[in-house]
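This briefing covers the sheets of the structure below and the helices packed around them.

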Amino acid sequence: MKLVKEFNEFTWDMVRALPLCYYYHFNKIDYQLEHKPNLSNLYYFVKNKKEVNKFNEINPDETYTQKGPRFIKENWLPPPIKKDFEGVLNFKKPTLIVNNKYAKEWNRPPKNFLNIEILDYIFSQYKDKYQILYIRPLDINSKDYYVDQNQILKFNDYELIKEKHSEVTTVYDIIDSHTDLNFNTAQFAIHATSNKHISVSGGNACLASYFGGDLIIYDVGTQHPGKSRPIWKSDSWLKKLSGSKIVSVDSNEKLKEVLNQKLKL
């Protein structure tokens, strides 16, 4: 029996363990998975799995390259998450997915996030043409969300939606109305509705890369000190997860420019 262990950050669940498990699953190879807490439903097709309270803070640098790590060259088959979750959610208008975060970065204040100004712009500009679906984990009531070492901080995005953009549907609205979904599978179902995705860099962008179409990655370049991370740049190897057309932006101005090109109906 093969044994798959994944205790690194969420990025590696998405780009390493999921494709390895699906390779074994597809080829009917007997295997067992050990994974971090609260991620059982992330591995929705894995039958033999075990939750282990363990976390590895040291991540392989080769994953952050433009061309990709060695582990994608063999025994690597990304699961068809979009196909498997299509139809779970349905909306009258085409959907636009916005996947955000607001947490400490290496024990420092956050810099790599979609701020209130740009969120207000996106919601105001596109909510009439698109059903906007918004994802950002809170530090409470996130059903089966894996909380890593980066502390989630208070942010006024959900207040913005409530007070000014009630047309926007949040991941928590989905979880509340679909009790069979948790935070992980709700993200899959949300992204599966769309060919238009906006995501900050990190594990968010890796998840969004599974759903094809246009993916705009917002990355202001706040990498770990001294380390370049081309994985978040345009046309990076993340496109191998589903054929996404990846465009990277590093400012609100560039994001607006790309949005105006990509979101014409």
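Six strands form an open, parallel sheet, ordered β6-β5-β4-β7-β8-β9. At its edges are β6 (169-170) and β9 (245-249), each of which pairs on one side only. This is a predicted model: local features need pLDDT of at least 70, side-chain atom pairs count only at pLDDT 80 or more, and totals for chains, interfaces and linings use all residues. Residues are numbered from 1 along each chain as its sequence is written, and side-chain values use heavy atoms, with hydrogens and water left out.

- Helices (H or I, at least four residues) and strands (E, at least two) are DSSP runs, numbered from the N terminus; two strands pair if DSSP finds at least two bridges between them.
- Two bridges join β5 (residues 131-135) to β6 in the parallel sense.
- Leu-133 has Thr-169 of β6 as its bridge partner.
- Helix α3 (residues 116-126) packs on this sheet and touches β4 (95-99), β5 and β7 (196-200); contact means heavy atoms within 4.5 Å.
- The direction of α3 makes about 160 degrees with that of β5; axes are lines fitted to C-alpha atoms, for helices over the stretch in contact, and angles run from 0 to 180 degrees between N-to-C directions.
- Helix α8 (residues 252-262) lies across β7, β8 (214-218) and β9, at about 175 degrees to β8.

**Helix α3 against α8**

- Two packed helices are described by the angle between their axes and the distance between the axes.
- For α3 and α8 the angle is about 15 degrees, and the axes are 11 Å apart.
- The two helices α3 and α8 are therefore roughly parallel to each other, a label for angles under 35 degrees.
- Their crossing is right-handed, meaning that the near helix is turned clockwise from the far one by less than a right angle.
- On the α3 side the contact is made by Glu-117, Ile-118, Tyr-121, Ile-122, Gln-125 and Tyr-126, and on the α8 side by Asn-252, Leu-255, Lys-256, Leu-259 and Asn-260.
- The residues of this contact comprise six nonpolar, three polar and two charged; Ala, Val, Leu, Ile, Met, Phe, Trp, Tyr, Cys and Pro count as nonpolar, Asp, Glu, Lys and Arg as charged, and the others, Gly among them, as polar.

**Helix α3 against α4**

- Helix α4 (residues 157-164) packs with α3 at an angle of about 35 degrees, their axes being 10 Å apart.
- The crossing of α3 and α4 is right-handed.
- Ile-116, Leu-119, Asp-120 and Phe-123 of α3 meet Asp-157, Leu-160, Ile-161 and Lys-164 of α4.
- By class, this contact has five nonpolar, no polar and three charged residues.

**Three-stranded sheet**

- A further open sheet has three strands in the order β1-β2-β3, with parallel pairing.
- Both β1 and β3 (49-51) are at the edges with a single partner strand each, so one side of each is left without a neighbour in the sheet.
- From one strand to the next, the twist averages 15 degrees.
- Strands β1 (residues 2-6) and β2 run parallel and are joined by five bridges; Leu-3 stands opposite Gln-32 in β2.
- In β2 (residues 31-35), four of the five residues are buried, so the strand is largely enclosed by the rest of the structure; buried means under 20% relative accessible area (1.4 Å probe, protein chains only).
- Helix α1 (residues 10-26) lies across β1 and β2, running at about 165 degrees to β1.

Notes:
Parallel < 35°, antiparallel > 145°, perpendicular 65-115°, else oblique. Buried < 20%, exposed > 50% of the residue type's maximum accessible area, 1.4 Å probe, protein only.
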